[in-house]
Amino acid sequence: MASQIFFDICEKKPIDVDVFFSDKIYFPKIEYEPRTTVYFPIPREVKGMQIIQNSIFSNLEKYQDSIFALFFASVCHLAGHVKVTDFKIYKEWMSGKNKPRAYETIEFIEDIRVNDFLKNHFPEYYSEIIKIQEVFDIINEKYESEDFRKLAEKTFVRKYLQNMAKEKEAIIKRITSLEPKNPEKFLEIADIVYKSLNKIEFQKYPFTDHYSHPEKISKWYQNQSIQTEGRFEDIVKRFEEIWFVQIKQRAKMNKKYDKIVEGLEFDKIDFAPENIGEYLRLKNATHMFLKKMSNQMKMVTNIQDEGVADDMGLLEMQAAIQSVASENPSIQIFEQDDVRKVEEAWSIIVDTSSSMKLKFNEMKKFTMCLGEAAHAVNAKNGKWGFFTFNNNFTIIKDHDQNFDQSAKARVGGIEINGLSFIADAVKLSMRILEKEIIERKYIFLVTDGQALGTIDADSKMRSAVEEARKKGINIVAIGIQDGNTKIFSRCIPYEGLRKTIAKFLNAYQLLSEDGI
């Protein structure tokens, strides 16, 4: 929902902007190069308290309106930047200038333009954001009145720079009249603001992106009450509903994995970050391949027909005439409209350790195709899960979850870093599949085979794979050189998307035939 509102405001396509929602950052953040990338902080729990931006709340249920009002304000503000801010205008202008001061100059100008855009195009959002600003203005006034040094400085500035207020109003008026077709006018204003920045009073709000946002918070806003109304409030309430559903789902997942992770060395079990833009780019780049892969895998038969097929299906008239004319009842006169296939349980596990970095941009395309094929083959009756691992085990899609937009966005959010606990990834996947009452089970392991980070890693990997195969789980390794190891059911080197898909389809068919 937040992504949809964001793209509705900025009027961009998801394929053009990367959007992440993260509990690892305090403040919203936007990067304009090499591709526009936006990061939104989401609430996180610390010692029973909820933290978002530099605000801390003692109770989620009591302060949920305030929490998600801040979140929604950040969505609106950063979407406004994506709509109106052209960072390229300032690139050469920044050369040779004090970097923090130059960024603050740009932020001053562009924040005014964003507010003007929201005021004119989304007044129902803008009016509520102004209310939120006023809450922080009051809080900061109180803080400054308690800090005698800051109060004295502010009183001095206001006394001797009274004319600056009028100059500021004039600057704001010029900024709101800027036209993107005249970049030289932007730079004229930038020069004025850069020179006058220490004289201009402007408040930095926690729901906005700023270059100078600290990584650690020294002063927290505590339990501030933010009340909104109208459409803004309706959306805030909807965010709250979605969030509580997600909390319940994640609690359920955590409970499930806490039971099966015992004895493994993963640092943590987590969900992957979401990036719907990257998913859509991958899908566009692999469209023809994933269509071919899905169609061919759906047609693979993994069950032996017994005797003559049932007299049902689509009547083949030519075959019926031949059967009657030759008086041969063994001629099949019905075309079966379903491929003979029993349920399958799949676990796709993708190595995202640092050793995969050089080849992963290409292998990620294969991973994308494999996930889409899993959905096509197993959507009706089978179950499938999609995970990544390094020294953490990350959930893209659990076996009990739908392959919805969130799961697809997690495919786009796959990142490379860390160690490579291959043995633990195989063991955890094996434990997951053991719980499925399904005859045919597969682990599709995408890795370069470099098991790093644990003592005797190669031996542990062999032992884990052998244990899984003894339990009837086929393991197909993609990315390891063919013949490098014989412990896997099938081993496929990565040789570009087209060749790898062809080899994978052949391996899958052979394994299906082996089980008949």
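Predicted model: local features only at pLDDT ≥ 70, side-chain atom pairs only at ≥ 80, totals over all residues.

Reader: What makes the phi of Asn 223 worth a remark?

Author: Its phi is near 50 degrees, a positive value in a residue other than glycine. Most residues other than glycine have a negative phi.

Reader: Why is Asn 223 called partly exposed?

Author: Buried needs a relative accessible area under 20%, and exposed needs over 50%. Asn 223 has 28%, so it falls in between and counts as partly exposed.

Reader: And Glu 11, is that residue buried or exposed?

Author: Glu 11 has a relative accessibility of 59%, which is over 50%, so it counts as exposed. It is found in the loop between α1 (2–10) and β1. Glu 11 also has a positive phi, about 55 degrees, although it is not a glycine.

Reader: Where is there a cis peptide bond?

Author: Look at the bond from Glu 33 to Pro 34, which has omega near -5 degrees. Pro 34 is found in the loop between β2 and β3. Most peptide bonds are trans.

Reader: Those strands belong to a sheet, I think. What is their order?

Author: The open sheet has 3 strands in the order β1-β3-β2, with mixed pairing.

Reader: Why are β1 and β2 called edge strands?

Author: β1 (18–22) and β2 (29–31) each pair on one side only. On average, neighbouring strands of this sheet are turned by 15 degrees against each other, direction ignored.

Reader: How do you know that β1 and β3 pair?

Author: Two strands pair if there are at least two bridges between them. β1 and β3 (residues 37–41) have 5 bridges, in the parallel sense, so they pass that test. You can find Phe 20 opposite Tyr 39 in β3.

Reader: Which helix lies across these strands?

Author: Helix α2 (residues 60–84) lies across β1, β2 and β3, and runs at about 170 degrees to β3.

Reader: How many aromatic pairs are there?

Author: The count comes to 38 aromatic pairs. One of them is formed by Phe 72 and Phe 232, 4.5 Å centre to centre, with 40 degrees between the planes.

Reader: What makes the pair of Trp 346 and Tyr 442 edge-to-face?

Author: Their planes stand at 75 degrees, which is over 60, so the pair is edge-to-face. The ring centres are 6.5 Å apart. Trp 346 lies in strand β11 (residues 344–351) and Tyr 442 in strand β14 (residues 440–446), so the pair ties together parts that are 96 residues apart in sequence.

Reader: How do you know that the charged end of Lys 397 sits over the ring of Trp 384?

Author: The distance must be within 6 Å of the ring centre, and the charge within 35 degrees of the ring normal. Lys 397 is placed 4.6 Å from the centre of the Trp 384 ring and is listed as sitting over that ring. The charged end of Arg 101 sits over the ring of Tyr 194, 5.3 Å from its centre.

Technical notes:
Residues numbered from 1 in each chain as written. Heavy atoms only, no water. Helix = DSSP H or I, 4+ residues; strand = E, 2+ residues; numbered from the N terminus. Axes fitted to C-alpha atoms, helices over the stretch in contact; angles between N-to-C directions. Contact = heavy atoms within 4.5 Å. Phe/Tyr/Trp six-rings, centres within 6.5 Å; stacked < 30°, edge-to-face > 60°. Buried < 20%, exposed > 50% of the residue type's maximum accessible area, 1.4 Å probe, protein only.
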